[in-house]
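Open the model in your viewer and keep the selection tool at hand. The stops below are taken one at a time.

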Amino acid sequence: MATSKIKKGDTVRVIAGKDLGKEGKVTSVDVKNHKVLVEGINKVTKHNKPSAQNQNGGISEKEAPLDLSNVMLVVDGKTTRVGFKVDGDKKVRVAKATGKTID
């Protein structure tokens with residue numbers, strides 16, 4: 001399996017869609033479906049029916065997954081593409097804009 005360019009805990013900026021320009025922290029990455037869940041971004045409303053756990057029902061807000069291609073990694077306050085470099089026997093992520101290792 002290939003190494004993901006964006007990992008859980010990274011700060012990313014949205015580069016396409018309704019939340020263009022917003023930044024947030026990655027809460028989960030779905031490598032198989034190329035989706036990423038970002039904290040506070042791409043909020044959707046869900047209408048809940050009353051149930052045993054939720055007596056009143058109502059409308060709740062939650063984050064929906066974004067496509068991986070619509071976010072860009074932020075390193076030192078600047079968006080950058082991600083490359084890989086073999087450092088000794090480890091494969092590390094490298095910021096293309098600065099050349100610094102990310103991990």
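In which strand does Lys91 lie? Select residues 90-95: this is strand E10, and Lys91 lies in it. The model is a predicted one. Lys91 is exposed because its relative accessible area, 53%, is over the 50% cut-off.

Thr3 and Lys91 are 88 residues apart along the chain, yet their C-alpha atoms are separated by 8.9 Å. Thr3 is also one of the contacts of Lys91 once neighbours within four places in sequence are left aside; Phe84, Lys85 and Val86 complete that list.

Now go to the largest pocket, with a volume of about 250 Å³. Its lining has 15 residues, and Ser4, Lys5, Ile6, Leu68 and Val82 are the closest to the pocket centre. Select residues 71-75 as well: this is strand E7, which supplies the largest share of the lining, 3 residues. Coloured by class, the lining shows 8 nonpolar, 5 polar and 2 charged residues.

Two loop residues come next. Most residues other than glycine have a negative phi.

- Select His34, in the loop between strand E2 (23-30) and strand E3 (35-38). Its phi is positive, near 55 degrees. His34 is partly exposed, at 46% relative accessibility.
- Select Asn42, in the loop between E3 and strand E4 (43-48). Asn42 is not a glycine either, and its phi is about 60 degrees.

Is Asn42 buried or exposed? Asn42 has a relative accessible area of 14%, which is under 20%, so Asn42 counts as buried.

Terms used. Residues numbered from 1 in each chain as written. Predicted model: local features only at pLDDT ≥ 70, side-chain atom pairs only at ≥ 80, totals over all residues. Heavy atoms only, no water. 1 Å grid on protein atoms, 1.4 Å probe; cavity = no way out; pocket = protein on both sides within 12 Å on 5 of 7 lines; lining within 4 Å. Points joined across faces, edges and corners; volume = space filled by probe spheres on them. Helix = DSSP H or I, 4+ residues; strand = E, 2+ residues; numbered from the N terminus. Nonpolar A, V, L, I, M, F, W, Y, C, P; charged D, E, K, R; others polar. Buried < 20%, exposed > 50% of the residue type's maximum accessible area, 1.4 Å probe, protein only. Contact = heavy atoms within 4.5 Å.
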